[in-house]
Amino acid sequence: MNNPAAMPHFQKGKELLYAFVFSCPGADEEDAGYPAAGVTGTVLNILLNELRTEAHSRGYIFHGKLDRESISITNAWKKVECIRTDDTGKKCGRTEAGIDEILDERVLIDGESSLARLERELGRVTDTIFCCGDRAESAVTVLLHQKRLPHTCRVIVIPHLTTRRLNSAITYDRYGTKIVSAKKAHHVCDQHSRKLLGEANTRRRVVRIAESIVDVLLNDGCCHACGRVFVLKYYPRPV
């Protein structure tokens, strides 16, 4: 990323139409200095590409660009959370904050609650906020119901973009074929082939998410594509 204003938890996009909200920054984001780095960032890039492809093939027009420079990215929790090894070799830390901590406006980070910070960071997003996972959904929907987000903004909830969460949330591809994990694919023997199969499986799952997102956008919140995959939640623009 080439954005000097980016931080591990937040990156303001060049356009203010779309935003993605994740749980919290981890070690990859801390090292990179911007949000959604590492595997999560790779999956996000795939999703943005598949959204553009799916929208084009089905005649849906996004109002702005869907790329890393144009969208805003933030997290429900600002602090970096990750498992580290201390000087004694003991593992310590955690991978994310609790939902109660995120929603408690008495819990301040740099003098600001998580909800107040999100309200400020998302306050000018005018089209769609994509919540990746339950932490993001919990925080953003509180702001939505309290009318602390722009009245033009809608919210779409998708699974967190980690491979572990995608593997558990999405088990069938868009054609109804069950996705067999690389570890259970007995016809794949060598490590390189398993890696390639794992990457292909991730893309199949991401394609399913892109299909469902475009489906709800085309049908004003009604998702006809979910089937046995996952429940995509849609919060329309407040009346």
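At 30% relative accessibility, E96 counts as partly exposed (buried means under 20% relative accessible area, exposed over 50%, and partly exposed in between, with a 1.4 Å probe and protein chains only). The structure is a predicted model, in which local features need pLDDT of at least 70, side-chain atom pairs count only at pLDDT 80 or more, and totals for chains, interfaces and linings use all residues. Residues are numbered from 1 along each chain as its sequence is written, and side-chain values use heavy atoms, with hydrogens and water left out.

R135, at 18% relative accessibility, counts as buried. The side chains of E96 and R135 form a salt bridge, with N and O 3.6 Å apart (a salt bridge is a side-chain nitrogen of Lys or Arg within 4 Å of a carboxyl oxygen of Asp or Glu). This pair links distant parts of the chain: E96 is in the loop between β4 (91-93) and α3 (99-103), while R135 is in helix α5 (residues 134-145), 39 residues apart. Helices (H or I, at least four residues) and strands (E, at least two) are DSSP runs, numbered from the N terminus.

## Helix α5

With 12 residues, α5 should span 16 Å at 1.5 Å a residue, and its end C-alpha atoms are 16 Å apart, which agrees. The expected span is 1.5 Å times one less than the number of residues in the helix.

The helix is mostly covered, since 9 of its 12 residues are buried. These are R135, A136, E137, S138, A139, V140, T141, L143 and L144. Their cover includes β1, α3, α4 (114-122), β7, β8 and β9 (233-235), where contact means heavy atoms within 4.5 Å. After α5 comes K147, with a positive phi near 55°.

## Nonpolar cores

The largest nonpolar core has 33 residues (a nonpolar core is a set of buried Ala, Val, Leu, Ile, Met, Phe, Trp, Tyr and Cys residues joined through side-chain atoms within 4.5 Å). F20, L47, I156, I158, L161 and I213 have the most contacts inside this core. At least two of its residues come from each of β1 (18-22), α2 (38-58), β7 (128-132), β8 (154-158), α6 (163-169) and α7 (191-218). Apart from this core lies another, of 24 residues, including L118, C131, V140 and Y235.

With neighbours within four places in sequence left aside, I213 is in contact with L51, F130, I156, I158 and L232.

## Helix α2 and E50

Helix α2 has 21 residues and reaches 31 Å from its first C-alpha to its last, close to the 30 Å expected at 1.5 Å a residue. Its buried residues include T40, G41, V43, L44, I46, L47, L48, E50, L51, E54 and A55. Just after α2, G59 takes a positive phi of about 80°.

Beyond its neighbours within four places in sequence, E50 is in contact with R203, V206, V207 and A210.

## Salt bridges around R174

The count of salt bridges comes to 20. One of them joins the side chains of E54 and R174, at 3.1 Å from N to O. Here too distant parts of the chain are linked: E54 is in helix α2 and R174 in the loop between α6 and α7, 120 residues apart. E54 counts as buried at 6% relative accessibility, whereas R174, at 30%, counts as partly exposed.

R174 also forms a salt bridge with E211, the closest N and O atoms being 3.6 Å apart. E211 lies in helix α7 and R174 in the loop between α6 and α7, so the pair ties together parts that are 37 residues apart in sequence. E211 counts as buried, at 12% relative accessibility. Through shared partners, salt bridges join E54, R58, R174, R208, E211 and D215 into one network.

## Cysteines

A search of the whole structure finds 0 disulfides (a disulfide is a pair of cysteine sulfur atoms within 2.5 Å). C82 is in no disulfide, and the nearest cysteine sulfur, that of C24, is 8.8 Å away. C82 counts as buried at 12% relative accessibility. C153 is likewise in no disulfide, with the sulfur of C131 the nearest cysteine sulfur at 9.2 Å. C153 is buried, with a relative accessible area of 0%.
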